[in-house]
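Dear colleague,

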Amino acid sequence: MPGDFDTVKERVDIVQLIGERVPLKKAGRSYVGLCPFHSEKTPSFHVDPDRRTYHCFGCSEQGDVFTWLEKQDGLTPAEALRTLAERAGVELTSRRAPEEQEREKRLLAANDTAHFYFRQALRGTAAGKAVSAYLGGRGIQPETVERFGLGYAPDQFDGLLSYLRKKGFSEEEAVAAGLVGAGERGPYDRFRDRLMVPIKDGRGRIVAFGGRAMRPDQPGKYVNSPQTALFNKSATLYALDVARAAIRKERTAVIVEGYFDAIAMHQAGFTNTVASMGTALTEDQYHVLDAVRIERAVVAFDGDAAGQRSAEARGSELARQVQRAGSRAGRGAVAARTGVAVYVTVLPNDTDPDDLARRDPDRMRGLLGEAKPVLEFVIDRIAARSDLAGPEGRRRFLAEALPLVGDEPDPLTRELYVGTLSRLTGVEQESLRREAAAAPSRPTRTTQDTGGRGAKPADWPPDVRTKQTASLERYVMALLTRFPEEAARADLAPTDLDDPDLRALLIELRSGKHSTSDLPAQLAATAAALSASALELGDEVEPGREIERAALRLREQNLRRRFEDARARLARGEGGGAGALDGEVAQLASELDELMKRRERSTVLQAADLEQRIE
C-alpha cells in the first residue's frame with residue numbers, strides 16, 4: 001500500500017482540497033487561513049503545496065491530504081485513500097479481479113441513476129409534490145430533504161426500469177442492484193409510490209434504498225433493497241457517512257431504529273446519530289462502530305407500547321450481540337481497550353426519536369446522558385419484576401440474570417456484575433462465580449446464523465431442518481413469548497411440542513399468563529431465553545400470520561414423522577393387528593392431506609394478496 005499512498009498524495013492538490021472548506025489566501029510560497037481545528041481571529045493555519053502538508057502554528061495540528069479527511073470526515077486511513085484515489089482517478093493496487101471492480105462501478109452507477117430519477121420525481125410530479133408536503137407536515141425542512149437526498153418512486157409498473165434502459169443499463173444490472181424485481185408478468189420496479197431514502201456506505205456511495213409506503217394498503221410500511229453485492233443490511237448503518245465526523249469528535253454514537261428517526265435527530269442537532277434500520281444493533285454493525293475507535297454507543301429504544309414491552313428482551317438480545325462481538329474480537333482478558341461500550345435508553349411512553357428530537361431536544365439530550373450500560377439495563381429490568389425479598393424470587397432472578405453475566409467475555413466487567421448480583425440477592429460472590437462459570441451459554445440466533453433478518457426455520461437448509469422439531473418448536477414458542485397476545489393464532493396442542501418445558505409454557509400462555517413474573521421460576525427462565533433469542537421480524541411481516549404459518553409447519557412436521565413411523569411399523573408387521581395399523585396410517589394420511597390443503601390455501605391467499613398490492 002505505500003505505493004498507492006505516495007501516488008495519490010502526488011496527484012491530489014492539497015490547496016484545492018482544503019480550500020473547498022477553508023478560505024485560503026496565498027502568502028509567499030504557502031497559503032494561509034483561519035484554522036478549522038480551533039477558534040481564532042488571526043490566520044495561523046498554513047498549507048504548503050510543495051510539501052503537500054498543512055500546519056497550524058496556533059494549535060499545532062498538522063498533516064497531509066489523508067489526515068485532513070480522517071480528521072474532517074472521520075474516515076479511516078483506508079477509506080481516506082480510496083476516497084482520494086477516486087477523486088484523483090488513481091487505480092489502486094487490488095487483489096480484486098478487474099471484472100469485479102467494473103461490476104461494482106456499474107451497480108453504483110445504476111443506483112446513482114435511480115437516485116436522480118427519484119429526486120426528479122419528487123420535484124417534478126404532482127404525486128412527488130404531495131410527498132414533499134407530507135415531509136413538511138412531519139417537520140422535515142427542505143434543506144434536510146436536500147442533505148439526505150430524499151426522493152419519490154412514482155406509482156408505475158416499470159417506469160424506473162425504462163429509464164435505466166435509456167441510460168444504458170441492462171435489465172440484469174437493474175435486478176442485481178436491487179432496483180427491479182422479477183415476476184410472472186416480467187420485470188417490475190421494486191419501489192412504487194414510495195418516499196425514497198438513499199442508503200449510503202461509509203464512503204458516501206449509494207448502495208441501496210429504503211422506501212416508505214405512501215398508502216395504507218401497500219404491503220410493508222417500509223421496504224429496503226434486498227441484499228446485493230453492494231448492500232448487506234446487517235453490516236450497514238444508515239447516515240454513517242454524514243455522522244462519522246461528529247461521532248469521532250464526540251467519541252459517541254447514538255443509534256436509533258429508522259431512517260426518519262435519524263434524519264430528525266440530525267435536524268435537531270444530534271449529528272452523531274445513525275440508524276440500524278429495524279434492529280437494535282447487529283454484531284456486524286457493532287464491529288463497524290468499533291472500527292471508528294469511539295468510546296460508547298447509545299441505543300435508543302422507542303417508547304411506544306411495543307417498544308416498552310420488548311425493551312427487556314431486546315436489551316438481552318443486544319447484550320448477547322455485544323458479548324459475541326467481544327468474544328470473537330479476542331477480548332477475553334483485561335486490556336486497555338475493550339471495544340465500544342454499549343448503553344441503552346428507553347424513550348417516554350408513546351414517543352420515538354423523531355417526535356422527541358423535534359418537540360423536546362433538551363429532554364432527548366438528558367435521556368441520552370442518563371443511558372445505562374446494556375447489561376446493567378437488563379439486570380435492572382429483571383430485578384424490577386422480581387420479588388427479591390423472598391428466596392424463590394431471588395432464585396428466579398438469578399436463573400435469568402446469572403447466565404447473562406456469565407457470558408460476559410471481559411473478566412473485569414464480569415466481576416463487577418457478579419458483585420451487583422451479590423448485593424441484590426445476598427448470595428456470596430464466590431458462589432455466584434462458580435454458578436456463572438457452570439451456567440450453560442445461550443448462543444443467540446443472529447442474522448448471520450440464519451441468512452438474514454427474518455429468515456425462518458422452513459427456509460433453513462436440509463441439514464439444519466433434520467434437527468427440525470427442536471428448532472422449529474423453539475422458533476414458534478419464541479414468537480409466542482415475544483407476541484403473547486397472538487397465542488390464539490397458533491393452531492397447536494401441547495402434545496404437538498416434544499419439549500416438556502415448552503409444553504408447560506404453551507399451557508401457561510394460553511391461560512393468559514403473559515408476564516414472566518406470573519410464571520414458575522423454571523418456565524420464567526425458559527421464556528426469557530426464548531424471547532431474547534427471537535428473531536426480529538421485518539416491518540413487512542405480520543406477527544400473527546407468521547405465528548400461524550410456523551405453527552402449521554410444525555404440525556406438518558409432526559404429522560409426517562408420525563405417518564412415516566406408522567408406515568414403517570406396518571411394513572415390519574409391528575404394533576398389533578395390520579388392520580389397526582392400516583387404519584392409523586389412513587387416518588394420519590387424511591390429517592396430513594387436510595393440513596397441506598390448509599397450508600396451500602394460506603400460501604395462495606397471501607401470494608394473491610401480495611400480487612394484487614404490487615400491481
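An open sheet is formed by 4 strands in the order β6-β9-β10-β11, with antiparallel pairing (strands are DSSP runs of E, at least two residues, and helices runs of H or I, at least four residues, both numbered from the N terminus; two strands pair if DSSP finds at least two bridges between them). At its edges are β6 (151-153) and β11 (222-224), each of which pairs on one side only. Strand β10 (residues 206-213) is joined to β11 over 3 bridges in the antiparallel sense, and there G211 stands opposite V223.

Please keep in mind that this is a predicted model, in which local features need pLDDT of at least 70 and side-chain atom pairs count only at pLDDT 80 or more, while totals for chains, interfaces and linings use all residues. Residues are numbered from 1 along each chain as its sequence is written, and side-chain values use heavy atoms, with hydrogens and water left out.

A second open sheet has 5 strands in the order β13-β12-β14-β15-β16, with mixed pairing. Because β13 (273-275) and β16 (372-373) each have a single partner strand, one side of each is left without a neighbour in the sheet. Strands β14 (residues 296-301) and β15 (residues 341-346) run parallel and are joined by 6 bridges, with A300 opposite T345.
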